[in-house]
Amino acid sequence: MLSGRRLDLLDPSPFDIEIEDIAHGLARVARWNGQTTGEHAFSVAQHSCVVEEIAAHIQPGLEPKWRLAALLHDASEYVIGDMISPFKAALGVNYKAFEARLEDAIHVRFGLPPKNPVEIKTLIKKADVACAYFEATQLAGFTKKEGLTLFGAPPAGYDLIIDPLPAPVAQQRYLERYRVLAEATGVVPAPDAWHTE
């Protein structure tokens, strides 16, 4: 990793995971394998920020730790990339177990339970699918009818205009959102503690 960490992919340690590496990687991983319109790819970092926002829209008052879980829902992709669902299914259970070990280590690193409770997992999946609807219909060439058929209607009262960001901007926004949520959950010290004289 650019931080200098060496991550054992077969046995990932939470001690070798850094948010800066995650943000850097996710900002450079394209959703839809880059098959989208626009000057910039729609990055997994930007997607993750939107999913966190949608989850909070669906469930107002969502605890910061679960909002953090939503932000980190695709964090493993900083190492393994964003594979499309049919390809993941074709790879089978070994891939899923590999991905799950990495996700568990990421959760532990940032003060979350290794596995999300079922209701949180369901909420994040719902937000993820809603974001996919907007991505499909605005960036990936799907008609609204196709989007509704494949992903269902987005949550009532939520609308989104997607403007894919350059990688450095997406990276910075992801880090900023992480810091707000991590501070709210007590994972990192308050901003005053970040400054050293």
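Modeller: Start with burial: a residue is buried at under 20% relative accessible area, exposed at over 50% and partly exposed in between, using a 1.4 Å probe and protein chains only. Helices are DSSP runs of H or I with at least four residues, strands are runs of E with at least two, and both are numbered from the N terminus. This is a predicted model, in which local features need pLDDT of at least 70, side-chain atom pairs count only at pLDDT 80 or more, and totals for chains, interfaces and linings use all residues. Residues are numbered from 1 along each chain as its sequence is written, and side-chain values use heavy atoms, with hydrogens and water left out.

Biologist: Which residues of helix 1 are buried?

Modeller: They are Ile19, Asp21, Ile22, Ala23, Gly25 and Leu26. That is six of the eight residues in helix 1, which spans residues 19–26 and is mostly covered.

Biologist: What is a nonpolar core, and which residues have the most contacts inside the largest one?

Modeller: In soluble globular proteins, nonpolar side chains tend to be buried together. A nonpolar core is a set of buried Ala, Val, Leu, Ile, Met, Phe, Trp, Tyr and Cys residues joined through side-chain atoms within 4.5 Å. The largest here has 52 residues, and Ile22, Phe110 and Tyr174 have the most contacts inside it. Among the elements that give two or more residues to this core are helix 1, helix 6 (93–109) and helix 9 (167–185). Helix 7 gives the most, with eight residues.

Biologist: What does Ile22 touch?

Modeller: Contact means heavy atoms within 4.5 Å. Leaving out residues up to four places away in sequence, Ile22 touches Ile17, Ala75, Tyr78, Ile106, Phe110 and Tyr174.

Biologist: How many salt bridges are there?

Modeller: A salt bridge is a side-chain nitrogen of Lys or Arg within 4 Å of a carboxyl oxygen of Asp or Glu. By this rule there are seven. In one of them, the closest N and O atoms of Arg109 and Glu18 are 3.5 Å apart. Arg109 lies in helix 6 and Glu18 in the segment before helix 1, so this pair ties together parts 91 residues apart in sequence. Glu18 is buried at 14% relative accessible area, whereas Arg109 is partly exposed at 30%. A network of salt bridges links Arg5, Glu18 and Arg109.

Biologist: Which parts does the Glu20 and Arg179 pair tie together?

Modeller: Glu20 and Arg179 meet in a salt bridge at 3.9 Å, N to O. Glu20 lies in helix 1 and Arg179 in helix 9, so the pair ties together parts that are 159 residues apart in sequence.
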